[in-house]
Amino acid sequence: MAAYKHHAFSSFIILMLFPLLLQFQFGKSELQLNYYSESCPKAEEIIKQEVTKLYYEHGNTAVSWLRNLFHDCFVQGCDASLLLESVNGIESEKESGRSFGMRNFKYVNTIKKALENECPSTVSCADVVALSARDGIVMLGGPHIEMKTGRRDSKESYAKIVEEFIPNHNDSLSSVLSRFQSVGIDVEGTVALLGAHSVGRVHCVNLVHRLYPTVDPTLDPDYAEYLKGRCPTPIPDPKAVQYSRNDRETPMILDNNYYKNLLKNKGLLIVDQELASDPATLPFVQKMASDNDYFNEQFSRAALLLSEYNPLSGDQGEVRKDCQYVNTN
């Protein structure tokens, strides 16, 4: 009887600790809603105001905020390491080939300066990355996501290992699914997050391998001709800004047109099109193509998981005064 009670008690403890073990496994930490409610009550409203203002001045900033979240959180966690410049022994992650085409970093500091004027050395750049993405998603017509705050900023860059974490433009779907799974995002969530490709653009250097010397047979022939018009040579001039929009119909709206295009063989990247041919992902593609609310629901869930991946908190890291430099610089 005593042995039974001991076993039952042990099982109870394991059940109680299981959620904590899951958090530890996927690197979650002590984030909370309204973290700045006392230290900087206007923080989230200031970020929202700045994101809105920047959107109406430079519409593509909203896309940049979304991409920043992905590139920052995927590499060792959500700690604003992405934003650091190359100086005093630090090599910037922005110089990696995986960061090709990323822009508008200077406007992150526009948001940060507004926060510093209100509450000096209080709101982290990592939280600016997360909340600007949240508000940028809304500006792009996507769902509002309740994100927790309390992240701290990294004192180091991870430039040397960026390519181990950020998928390449021509990686296989299995490789991409594996990388997303490593940060705690399941297949359904991965399909939803790839829906971010419904906004923004793809540069020709990442497309021409599907057009030359012969057209990828999985591409719709008429669409391939359109893409050849956008990318007329097999070796694009890297200094010329040659690109194609991910979604020609609603290029600046985060919606389920991306999935509708995949079912018409109009995916830009190889991984896009593979979503519609792999039996593990096709059902999700079909459901998201037919139900925008379902897409929004799954996108919100996955973006929230990503935003809480392995943050620094408590007395870890620091709160940078300038998002481009650690405080000692």
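Figure 1. The model is predicted: local features need pLDDT of at least 70 and side-chain atom pairs count only at pLDDT 80 or more, whereas totals for chains, interfaces and linings use all residues. Residues are numbered from 1 along each chain as its sequence is written, and side-chain values use heavy atoms, with hydrogens and water left out. Axes are lines fitted to C-alpha atoms, for helices over the stretch in contact, and angles run from 0 to 180 degrees between N-to-C directions. Helices (H or I, at least four residues) and strands (E, at least two) are DSSP runs numbered from the N terminus. Thr61, Trp65 and Asn68 of helix 3 meet Tyr107, Val108 and Ile111 of helix 4, where contact means heavy atoms within 4.5 Å. This contact of helix 3 with helix 4 comprises 4 nonpolar, 2 polar and no charged residues. Ala, Val, Leu, Ile, Met, Phe, Trp, Tyr, Cys and Pro count as nonpolar, Asp, Glu, Lys and Arg as charged, and the others, Gly among them, as polar.

**Figure 2. The axes of helix 12 (residues 282-290) and helix 13 (residues 292-307) cross at roughly 120° and come within 5 Å.** Helix 12 is therefore oblique to helix 13. Phe284, Lys287, Met288 and Ser290 represent helix 12 in the contact, and Asn292, Tyr294, Phe295 and Gln298 represent helix 13. By class, the residues of this contact are 4 nonpolar, 3 polar and 1 charged.

Figure 3. Of the area that domain 1 buries against domain 2, Phe74, Phe100 and Leu140 supply 31%, more than any other three residues. Between domain 1 and domain 2 the count is 0 salt bridges.

**Figure 4. A salt bridge joins the side chains of Glu91 and Lys160, at 3.2 Å from N to O.** The term denotes a side-chain nitrogen of Lys or Arg within 4 Å of a carboxyl oxygen of Asp or Glu. Glu91 belongs to the loop between helix 3 and helix 4, and Lys160 to the loop between helix 5 (125-139) and helix 6 (162-165), so the pair ties together parts that are 69 residues apart in sequence. The whole structure holds 11 salt bridges.

**Figure 5. Backbone details include a cis peptide bond between Tyr212 and Pro213, with omega of about 0°.** Most residues other than glycine have a negative phi, and most peptide bonds are trans. Pro213 occupies the loop between strand 1 (201-203) and helix 9 (221-230). Asn34, which is not a glycine, has a positive phi of about 55° and is placed in the loop between helix 1 (2-25) and helix 2 (43-57). Asn310 also has a positive phi, near 45°, and is found in the segment after helix 13.

Definitions and conventions: Parallel < 35°, antiparallel > 145°, perpendicular 65-115°, else oblique. Buried area = accessible area lost by both parts, 1.4 Å probe.
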